[in-house]
Amino acid sequence: MGINWEFVITALPLYEKAAWLTLKLALWGILSSLVIGLLCSIVLYYKTKGLAPLVRGYIELSRNTPLLIQLFFLYYGLTKLGIVLSEQTCAIVGLAFLGGSYMAEAFRGGVESVSKSQIESGLSIGLSNLQLIRYVILPQAFSVTLPSLGANCIFLLKETSIVGAIAIPDLMHVTQDLIGMYYQTFEALLMLVIAYLILLLPVSFFLTWLERKVRYAEFGN
Amino acid sequence: MLNSGISVLTEGSNLLRLMGGLLITARIALIAIILGSLLGIIVGLVRTSKSRVLRFICRFYLELFRIIPILVWLFFVYFGVPGIFDIHLEGELVAVIVFSLWGAAEMGDIVRGALESLPKHQIESGKALGLNFWQLYRFVLLPQATRRMLPGAINLSTRMVKTTSLVVMIGVIDVVKVGQQIIERSILKEPTSSFWIYGFIFILYFIICYPLSKLSKKLEAKWES
């Protein structure tokens, strides 16, 4: 089967624009979910009264529902209550809502891996809670947390493929449009797959490399 | 205004239709989980085999599904494959194919992890007793590995159930599509219907997935101690 190169070249700028948009949304989503995850894991760690059950409820709710439904609810459901968000804000809020719980679990896993004696020693030399987190827990938890944080980043970048469903001109949306308008199905799909490979492969390789470095720093092998 | 909107759920046969849509979603998930698990055991066995080429092929297969989003796979098979091979594929069949293949890849990794975590003397003792390959796996390795892979397998099932929500994008009349139809019909009468319908579907998914992930966590905690 021949590839219509003319079509590929005319469609290329569309894909480039869409890829940048996908990347931008994913980046904001990842950053905000990191913040949410960190806050949630701190609340869970100190078992803050009132907040901890709330955070636990949020984590269960976000982990056990699909992103598509979360987005539809945010985009179509909440507008009817007067909460109107733009498509892109909606996508970022959705990604942050989903990713926050995954990041929180990753941080929790890391914090739990720091042995009790470390924390007790820190406390006994008079470190404040903040100092304890900054100088004792975070540096040690980091290398344990990093692989799951990386996996979450890839997960969120992949989940970004869903935002086309709420009228954002991302890669999926552009592909669907091109198939509908020009019937160049094969070319459009091929470019879609290649675009995602370009986005995801470097991240995947970088994370594998980073993980090796961190493990070397920790265990020396 | 909000209170009146909730009636859209119970109006006419709406609730029944939503449940009908949920049944389609559940059917896709169930078939894919069963097929994926069966294929996944084979993939897992191959990934612990001695052949480097076979191992590489299976690893490559897993990475393909890990790197490329499932929605892209659904699009590729739904829009692309019929054009290439000149056949007609129903959306539901496409969903079952893609989810089964994805499940097999991920399940294969779980099976591999479980098999590799078994102590080596299990294999050696089995061989010393004169068990052949099938007997070794059937009576010694798989029963022990099942325990270790169950939490992961249940987790994977939860993920697959959640991901079935995507089938609406390839034209399957699932619970989301039925919800959209109901909203479109009642939007003039009940402006808040989208809030209630999507909220309801949100809770439906939660009701299905929450017990599964709780079970997986419980099993994990039980077998770790």
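Leaving aside neighbours within four places in sequence, Leu71(A) is in contact with Cys90(A), Ala91(A), Gly94(A), Ile162(A), Val163(A), Ala165(A) and Ile166(A). Contact here means that the two C-beta atoms, placed from the backbone, lie within 7 Å. This is a predicted model: local features need pLDDT of at least 70, side-chain atom pairs count only at pLDDT 80 or more, and totals for chains, interfaces and linings use all residues. Residues are numbered from 1 along each chain as its sequence is written, while chains are lettered from A and ligands numbered from 1 in the order in which they are written.

**Core**
- Leu71(A) is among the residues with the most contacts inside the largest nonpolar core, along with Leu192(A), Leu74(B) and Phe75(B).
- That core has 116 residues.
- A nonpolar core is a set of buried Ala, Val, Leu, Ile, Met, Phe, Trp, Tyr and Cys residues joined through C-beta atoms within 7 Å.
- Buried means 20 or more other C-beta atoms within 10 Å of the residue's own; exposed means 12 or fewer, and partly exposed lies in between, with C-beta atoms placed from the backbone.

**Chain A fold**
- Chain A has eight helices and zero strands; helices (H or I, at least four residues) and strands (E, at least two) are DSSP runs, numbered from the N terminus.
- Its C-alpha trace spans about 70 × 50 × 20 Å along the principal axes.
- Of the 221 residues in chain A, 39% are buried.
- Among chain A contacts between residues at least 6 apart in sequence, 79% join residues at least 24 apart.

**Helix α4(A)**
- The 27 residues of α4 (87–113) should span 39 Å at 1.5 Å a residue, and the end C-alpha atoms are 39 Å apart, which agrees.
- The expected span is 1.5 Å times one less than the number of residues.
- α4(A) bends by about 30° at Gly99(A), the angle being taken between axes fitted to the seven residues ending there and the seven starting there.

**Chain A–chain B contact**
- Chain A gives 33 residues and chain B gives 29 residues.
- On the chain A side, α2 (51–63), α3 (67–77), α7 (171–182) and α8 (185–219) each give two or more residues.
- The largest share, ten residues, comes from α8(A).

**Leu219(B)**
- Leu219(B) sits in helix α10 (residues 193–224) of chain B.
- Leu219(B) counts as partly exposed because it has 17 C-beta neighbours inside 10 Å.
- Not counting residues up to four places away in sequence, Leu219(B) touches Leu150(B) and Pro151(B).
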